[in-house]
Amino acid sequence: MRILLSNDDGYFAPGLNILAQHLSKVADIVVVAPERDRSGASNSLTLDRPLSLHQASNGFYYVNGTPTDCVHLAVTGMLDQLPDMVISGINDGANMGDDTIYSGTVAAATEGFLLGVPSFAVSMSRHGVQHFETAAKFMVSLVERYQKDRFPPPVLLNINVPDVPFEQIQGTEVTRLGKRHKAESVIKSTTPRGQTVYWIGAAGSAQDAGEGTDFHAVSQNRISITPLQIDLTQYSQREQVNNWLAR
């Protein structure tokens, strides 16, 4: 197995390092990640300047761009052959519900998926993670399962892991995305030079977190696995819009 690892927290992030340590025991690993924290970068590509690729002392490669840039550069220009899998993470914090729209972690996996590679995004259930090892151990077991019984492509899975010791995990659950309340308002402040600036407010609390959602699974100490797709078409409104235009 050849696995490309990336993330959105940066090549120095502890979650990425722990994941690489564990997966290197069962696969050939190449790490290509952003040179700095690019959380919230979503699926953005850098088109206004060239990208540069450097290698850190630990062997990880880093790019002065977004998570999507990293995977795109690696798959289409850096690697000699297509990887068998792309894994993005382990993210310091959850990517559930509406978070997936903004998430750089999910975006890196999405780029692998769009390039024809089975891809997985893996995140912990909260910030300030204490148990990255739990997610790393699970991802090793997932890779080993895939080696023995390959899931038919294409596949894009969003995985969220409770931040508890591995022994306290209560299994896995295939889920759907929940939904959050709208985000909190921006925070307005003033710099020492008198300039008005704004900080993006915190994400909203869970609104749709019932049984079957990613929020609910994680709250029960189960690992949430949500299959994702890219088609944003609102099929139920096509006829309605067509009738509206025909009036």
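At 11% relative accessibility, Asp9 counts as buried, where buried means under 20% relative accessible area, exposed means over 50% and partly exposed lies in between, with a 1.4 Å probe and protein chains only. This is a predicted model, in which local features need pLDDT of at least 70 and side-chain atom pairs count only at pLDDT 80 or more, while totals for chains, interfaces and linings use all residues. Residues are numbered from 1 along each chain as its sequence is written, and side-chain values use heavy atoms, with hydrogens and water left out.

**The annotated site**

Asp9 is found in the loop between E1 and H1, where helices (H or I, at least four residues) and strands (E, at least two) are DSSP runs numbered from the N terminus. Not counting residues up to four places away in sequence, Asp9 touches Arg36, Asp37, Ser39, Ile90, Asn91 and Asp92, contact being defined as heavy atoms within 4.5 Å. Asp8 is likewise found in the loop between E1 and H1, and at 3% relative accessibility Asp8 counts as buried. Leaving aside neighbours within four places in sequence, the contacts of Asp8 include Pro34, Arg38, Ser39, Pro67, Asn91 and Gly104.

An unreviewed UniProt entry places the feature "binding site" at Asp8, Asp9, Ser39 and Asn91; such positions are given in the numbering used here, feature names are shortened, and annotations may be inferred rather than shown by experiment. These residues span 84 residues in sequence, yet no two of their C-alpha atoms are more than 9.2 Å apart, so they gather at one spot.

**Helix H1 and what covers it**

Helix H1 (residues 14-23) is mostly covered, with seven of its 10 residues buried, namely Gly15, Leu16, Ile18, Leu19, Ala20, His22 and Leu23. The cover over these buried residues includes strand E1 (2-6), strand E2 (28-34), strand E5 (85-91), strand E6 (119-124) and helix H5 (132-148).

**Two helix pairs**

Two packed helices are described by the angle between their axes and the distance between the axes. Here axes are lines fitted to C-alpha atoms, for helices over the stretch in contact, and angles run from 0 to 180 degrees between N-to-C directions.

| Helix pair | Angle | Axis distance |
|---|---|---|
| H1 and H5 | about 40° | 9 Å |
| H2 and H4 | roughly 25° | within 8 Å |

The angle for the pair of H1 and H5 makes H1 oblique to H5, given that angles under 35 degrees count as roughly parallel, over 145 as roughly antiparallel, 65 to 115 as roughly perpendicular and the rest as oblique. In this contact, Pro14, Gly15, Ile18, Leu19, His22 and Leu23 in H1 meet Phe132, Glu133, Ala136, Lys137, Met139, Val140 and Val143 in H5. By class, these residues divide into nine nonpolar, two polar and two charged, where Ala, Val, Leu, Ile, Met, Phe, Trp, Tyr, Cys and Pro count as nonpolar, Asp, Glu, Lys and Arg as charged, and the others, Gly among them, as polar.

For helix H2 (residues 67-78) and helix H4 (residues 104-114), whose axes cross at roughly 25°, the angle makes H2 roughly parallel to H4. The contact is made by Pro67, Thr68, Val71 and His72 of H2 together with Gly104, Ala107, Ala108, Glu111 and Gly112 of H4, and it has four nonpolar, four polar and one charged residues.

**An exposed residue**

Leu245, found in helix H7 (residues 238-246), is exposed, with a relative accessible area of 61%.
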